[in-house]
Amino acid sequence: MDLEGVIPKSPIKKESWKTVLTLAYQSLGVVYGDLSTSPLYVYKSAFAEDIQHSDTNEEIYGVLSFVFWTLTLIPLVKYVFIVLRADDNGEGGTFALYSLLCRHARVCSLPNCQLADEELSEYKKDGMVSNNKSFLGTSLKTTLEKHKILQRALLVLALIGTCMVIGDGVLTPAISVYSAVSGLELSMSKEQHRYVEVPAACAILIFLFALQHYGTNRVGFLFAPVVITWLLCISAIGVYNIVQWNPHVYQALSPYYMYKFLKKTQKGGWMSLGGILLCITGSEAMFADLGHFSQLSIKIAFTFVVYPSLILAYMGQAAYLSMHHINETDYRIGFYVSVPEKIRWPVLVIAILAAVVGSQAIITGTFSIIKQCSALGCFPRVKIIHTSSKIHGQIYIPEINWTLLLLCLAVTVGFRDTKRMGNASGLAVITVMLVTTCLMPLVIVLCWHKSVYLAILFIFFFGSIEALYFSASLIKFLEGAWVPIALAFIFLLIMYAWHYGTLKKYEFDVQNKVSINWLLALGPTLGIVRVPGIGLIHTELVSGIPAIFSHFVTNLPAFHQVLVFLCIKSVPVPHVSPMERFLVGRVGPKEYRLYRCIARYGYRDIHKDDLEFEKDLVCSIAEFIRSERPKCIIGIDDLENDEKMTVIGTSSSNSEGVRMCEHGEDSSEMVGGFRMCEDGEDSSEIVSISELRETKSPERPRKRVRFVVPESPRIDRDAKEELQELMEAREAGMAFILGHSYVRAKKGSSLMKKIVINFGYDFLRRNSRGPSYALSIPHASTLEVGMVYQV
């Protein structure tokens, strides 16, 4: 399955209005499911602080005024008009902001960064870059690059935002589904409702998570119609309630009513802000899901569809409640009480469907952000399944899926109350927004090269609003707000322990790598028997010879005729062009047949399956051999070993390079052989030695390998011999050689380091996927050798 083609095109290209409107339609189902279901529980959560409704309606009007201005200032002004412009080559989210900063200020946490990475085409594409660099901006950049503690603080800040997104992935499905199902209360007695509501919510959650492995592309076509139907429904009900009960409710949009509300309710009103905050849950999805759509499409969908529908819905609820201060049921002030009784059941069904769609979006978003963390070395390796070969970004992670399900069920059964679920969800949402607000001033100064005063104005204005909501949510720590803090703390420990252990392991590899002189002393045969085949030695090093190789050479009696030091690394860009996928170079002289190949991937890239990757890898080495001339090499100096690396694209992206064809042995013309031919009318054919031998035992069919080499430029005799040897080795098969590491803290290390390395990192390493899963390596071709690391 070739997944290179699903990478989205550059956002710089202009899109037609038809494309923009189509994306805007699709975004309604993916981005706005969570935000559109917030009317189900906002008013109930806001009035859960025992605020009484007076005949003057100051409380109702005050809450409506807060909802209106919160929706206007945060999602509309902050995200739509400002934050969405801080995209990382079309990608959004917390890690997109961190990635931008890594490229502009050299604060990247990835240990194996190279100067060659800065030559990537997407490394320098930022959309908004100015040459007017201020003195304060330069000073800020220098300070960040100079102080390691600031770089760690920046990483921890990004990880906190990421952990809260994961916590939101637990809380949003629970509160959305539970609030939708709670409408049953108005149709049955209180005694019956208690025994129906929680089981029904749990059943829907189990069904939702059980469907994840099919992928959203199977049912995704229903998402947008469901959300559109829901938005039309709540806006129509809102207009009906405004006309029917209180046409003058628009007066509450004045900010004066916010002042009156806080003055009258005081502490109770301040605490109720934690419930009002829920009206913007899902706003961060506009930025996080930017990579699947475009800025313009998301702006159009929110500004012209979602925003007015939500405002009408909240105004309609306020109009109804302003004329119904006392309700006989205990539900009192929920969403369904304002729905006309004749359409209550259809609305209940639509609400449940909309809640499922909103939950689906946050679950998929959680999968995506964990993939990004894993790619950047901040999360243990997990099994990532791509559920669609056509739609970019649709993935499924089994371990995370079932973990989220168990946590969702625990929250639903444990709380059984919208109030406490709302307190928990509110704190998670506002924390993610605060992290974005803290990172944006750095982006404004370092990436956009704008005035420092503009950055200060941004963080002061939006930070003060969000800090007010954050304080109102944090005060409810014992009433549910402890849940996202506990979840974030656990995930933060996991992420930081894994990142710290990975970093120390890499530092050990760098300090203990073998010198090139040791290799040269072994001679072309490396002091052992060279057998047919290609040996891929997986290493994290981008230069030098790993210590594990000397371990292999001194313990194995034979090695492959072609050896490749393979490094698969992530770079701080969302996507690496297939034309720039590989860096290929030699290790030692030509006759050693040792190569280094660095495969570079962005944090949103899709890794090919093992067969496609093997083919691209061999073709990249073949193309390196063919083009290895002083005038053809793109020289990138390695400072430590003075190696020259050449940028090589994948076989599918380089139409003018070497291509490889593999056939099953079903032809009597070429038995067990392969050939290398040059395109053109006068193509020559070079037949290998194995092709001249007759093999009459067809029980085990072998692959026939053929390299198709461009006619120009012509290659010399030595290169042809080297290519022929590479073909013979490829035909003989490939073996993946992995080092199985056991990491321990050195004697004399601090107690904290021993705990993190010997217990935390070791536990995560033993219970996470091995490198073979991350590289899609067939187990039959894998050789693992253990080695102890003392870091």
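Predicted model: local features only at pLDDT ≥ 70, side-chain atom pairs only at ≥ 80, totals over all residues.
User: How should I read a pair of aromatic rings, and which kind of pair do Tyr256 and Tyr257 form?

Analyst: In general, a pair of aromatic rings is described by the distance of the centres and the angle of the planes. Here the count comes to 20 aromatic pairs, and among them is that of Tyr256 and Tyr257, which is edge-to-face, with 6.2 Å centre to centre and 70 degrees between the planes. Tyr256 is partly exposed, at a relative accessible area of 48%, whereas Tyr257 is buried, at 16%. Tyr256 also forms an aromatic pair with Tyr259, a tilted one with centres 6.3 Å apart and planes at 35 degrees.

User: Why are Tyr256 and Tyr259 separated by about one helical turn?

Analyst: An α-helix has 3.6 residues a turn, so residues three or four places apart point the same way. Tyr256 and Tyr259 are 3 residues apart in helix 10 (residues 256–265), and therefore about one helical turn separates them. Together with Tyr61 and Tyr257, these two residues form one aromatic cluster.

User: Which residues of helix 10 are buried, and what do they pack against?

Analyst: The buried residues of helix 10 are Tyr257, Met258, Phe261 and Thr265. Seen down the helix axis, they fall within an arc of 105 degrees, so they line one face of helix 10. These buried residues pack against helix 4 (58–81) and helix 11 (267–276).

User: What follows helix 10?

Analyst: Helix 10 is followed by Gln266, which has a positive phi, near 55 degrees.

Key. Residues numbered from 1 in each chain as written. Heavy atoms only, no water. Phe/Tyr/Trp six-rings, centres within 6.5 Å; stacked < 30°, edge-to-face > 60°. Buried < 20%, exposed > 50% of the residue type's maximum accessible area, 1.4 Å probe, protein only. Helix = DSSP H or I, 4+ residues; strand = E, 2+ residues; numbered from the N terminus. Arc of directions from axis to C-beta. Contact = heavy atoms within 4.5 Å.
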